[in-house]
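Please open the structure in your viewer and keep a selection panel at hand. The stops below proceed from one selection to the next.

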Amino acid sequence: MWLKPEEILLKNAFKLWVTEKGNDYFVLQRRRGYGEGGGGLTGLLVGTLDTMLDSTSKVAPFRILHQTPDSQVYWSIACGGTKEEISQHWEWLEKNIMRTLSVFDSSDDITSFVQGKIRGLIAEEGKVSCVQEDDPEKFREALLRFEKWFDLPQKEKLVTYYSCSYWRGRVPCQGWLYLSTNFLSFYSYLLGSEVKLVISWNEIWRLEKTSNVILTESIHVLANGEDHFFSMFLHLNETFLIMEQLADYSIKRLFDKETFQEEPSLSDPLQITKRGLETHARNEQFRAFFRLPKEENLLEVYESFLWVPFSHFNTLGKICLSESYLCFASQDGSQCHVIIPMREVIGVEKPDRSSRALSVCVRGKRALRFSEVRDFERLANAIRRRCGMTASPQHSASTEVIRGECQNLINHFEDNPEEVALMVGQKDSSKAVSTEALMTVFHPQDTENLDPKMLKEKMKEQSWNIHFSEYGRGTSMFCTKKTRDLIVRGIPEALRGELWMLFSGAVNDMATNPGYYSELVDQSLGTSTLATDEIERDLHRSLPEHPAFQSDTGISALRRVLTAYAYRNPKIGYCQAMNILTSVLLLYAKEEEAFWLLVAVCERMLPDYFNRRIIGALVDQAVFEELIRMHLTQLTEHMTDLTFFSSVSLSWFLTLFISVLPIESAVNVVDCFFYDGIKAILQLGLAVLDYNMEGLISSHDDAEAVTILNKFFDNVTNKDSPLPQTVQQNSVGNNDKASSISKVDVSDLIKEAYEKYGDMKSEEVESMRKRNKLYVIQTLEDTTKQNVLRVVSQEVKFSASQLDELYVLFKRQHFLSCYWTMNSPVLLHHDPSLAYLEQYQLGFHQFSLLFSLLEPWSLCSGKDTLFLWAFRLLDENQDGLVNFKEFCCALDILYSGTFTNKLTFLFKLHQPPAFTGSPFHSKAQRLPHFIPMTDDISHLSRLTVSDHPEDGVIRKSPERGRGKVDLQAYLKQWQDEILKKEESIKDLPRINQ
């Protein structure tokens, strides 16, 4: 490998190198401890030094130095892991460089020429790889070590590497941690003791940062039942972030079949870089915090102050700029954030250069003032460019008008806050199927006869109107602590749909996709799929007690929304609980708005919830268990097994408490969910358990605990709800029993949840989600394995331990076919929703590799032909894939089957579909997707048999020159087996009629 020329003052420092070849300009050296006489104490010391120090010498035992006759300075220009590799570099220098050097007069010119040539070679190599790394030279050195130590396929992409210690018990081993696309690898060499560790990302059960008395900060990896600890990182947080991203990437790509087409940096597993993973993590966090569409990426970040109206103070935070949005989030504890769509911006001006200020004017006669922006001119130009505005001289007149308007708005904004006009959100330009929320149709408010509850509802609306006048209304509204306080008290019925759209980000999805829902409805209605059948079955189970869903109006709207979403996202299609959630959305939002709210919930706010395996809900259950251990220690001391809470809380997460709380109370929970996300559901769950602590501790079994929680939910009321009694879901049959139990107001319950557990940060919840997702996925995989082994064990004679080992090998071979490509047929056919036996399958190439290691024909010279025929025979559905059961049944016949079974199996190999005719059949009949065929395939027409002694069963046929089978011996053995079987058959006793 060519190296960037680096100066070396002493060529034989510490006598670690021995000169093998030399001339006037170059020296080839060998590292002591390598090659001839490489053992002994010298080899141990040099090996240890090479592992501890970060230099090419520790894995490259050969190097080439450049020198000039009249200079004592040497330059390292190449290194090699083998004598052959370094000899190729030496020969290239002799052929291409040596002849040219004689024409130069000075040593400096010679050195400059050699350095230029070497850098040119490195640049050519860098065009293929390493060009995207921060330090290509050091990365090339690390790549050389990685390839030498771990002997992984060349296609395996090294992402990054770190120096750290790996703990073997209480002994730390200093070495290097290498993170590649599919593997976590570690290498250490200390005084003759070599430690080598390779773990596949898809085998990791737990990945977390830990600390204890011995290890102040370390990274814990649980894989294959073994704990691994890594510590002494210079940048532990950076290392953990990359490990977390790689593990998550592996799960999404291998288990969930995601292709990352919208993420260019992750679309090809052979081109993944550290920078690309960091960018992906940053974009995910950005989109999750501001609830932006998945197409948005964080482009630029600026620190600045934002003037908060009516609070009369500047809040410190960061401006985040994406393709279509300008976002701001405070960092001083004020919990203020604002999202400005570029479509709403009408002007950008710089009124005060001394304070580096920037004013952004938006529709609705509003302006936002940012100050102390370090590069405010660049930010202004970026916003103008994305909004299609210009600051060129020919537009100076309009620019002056905008500048004057912005300045007047700012002055008016600060001096007369009470007269600021309300911000009006963007009008819906799309034509919806139903233009009214069901609640307004079935329960219109009577403005003349206002009862006390309606008066209180009007007071809530007035509070929100005051908030709108102060902080704006619509997409660019300021969200502060006051906003959350109003939400905790409950959103008014009339504003619920509008604010759900705003806080979820669905308003932006609908504004950027006008007419999309109407098109989906037209395309999806009338289609017949499994999802539509399930939807029809569940339509009348969705809030059946509500009048809106006792009529065709509500049922039709629900059908259209669910069918349109199933058509939009066939990967999810339809899942139970989606009907309950959508029903509530339709009560307070227009039909098209309800569709986009469902999109926001399923694809952003509750990822992986609504699919066959409900992984997202299981992950949040694991997070909930972790939070119970942290906050409710008294409960965990009494109930060490928390799986009960997982089973009970599943419906809480899937339906956002809608299925357990009365509808008038549940909508207040949904209010908090759309503002704070899953954090609000977790907080409320903790508050529910805390409220029922005494009863749960005194309960004797799970059934009693479930009864306690059900009674509690039945008595959660909403005393401020203006809904009529015909709609409210108060427990009617249990009024006598419920009267003895105190009622709990949902607003008080939510307020208590925020007061006790509101300090929980969304970032912490997301980190806990990622940490527990690995464990949940592996638990599901383990369950799948147990189910597969239980089914297959009834068909074969292998022991349980043998089947377990076979499954591990089979699954590993499956993933090997998926590691280095996104378009593997095996990966494309992998579907977690399929039956257990169809989860993992092998194509012909992987089948032949694994079958060759296990079958008893390894000495047969024609085994490749047999593998092809066996694969065709086992592939009953002709899809080019073989599942685990088919694979095990074939091995079982070869190892445990009777002679008759083996002979039958061999006979079938020579019949269609295994054997497809003579080797000269047409190319159209060759099934090219099974094996790449060549013109020379004469070996497929016969089974070549190796020579045996004359007294063996198989003899050489002089007539045709091919192996001939002694059929008489086989027939005699077959007849003996049949006779033994007949002797073992006994007549059944006659039944006395």
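Two strands are taken to pair if DSSP finds at least two bridges between them. Helices (H or I, at least four residues) and strands (E, at least two) are DSSP runs, numbered from the N terminus. This is a predicted model, in which local features need pLDDT of at least 70 and side-chain atom pairs count only at pLDDT 80 or more, while totals for chains, interfaces and linings use all residues. Residues are numbered from 1 along each chain as its sequence is written, and side-chain values use heavy atoms, with hydrogens and water left out.

Select strand β13 (residues 300–308) together with strand β14 (residues 313–321); they pair in the antiparallel sense over nine bridges. Within this pair, leucine 306 stands opposite threonine 315 in β14.

Contact means heavy atoms within 4.5 Å.

**Second stop: alanine 281**

Within helix α7, pick alanine 281. Is alanine 281 buried or exposed? Its relative accessible area is 9%, so it is buried (under 20% relative accessible area; exposed is over 50%, partly exposed in between; 1.4 Å probe, protein chains only). Leaving aside neighbours within four places in sequence, alanine 281 is in contact with Leu241 and Gln245. Display glutamate 244 as well: its C-alpha atom is separated from that of alanine 281 by 9.6 Å, the two residues being 37 apart along the chain.

Turn to the open sheet of five strands, ordered β1-β5-β4-β3-β2 with antiparallel pairing. At the edges stand β1 (2–8) and β2 (17–22); each has a single partner strand, so one side of each is left without a neighbour in the sheet. β1 pairs with strand β5 (residues 74–80) in the antiparallel sense over four bridges. Tryptophan 2 has alanine 78 in β5 as its bridge partner.

Finally, select arginine 30 in strand β3 (residues 26–31). Arginine 30 counts as buried, at 13% relative accessibility.
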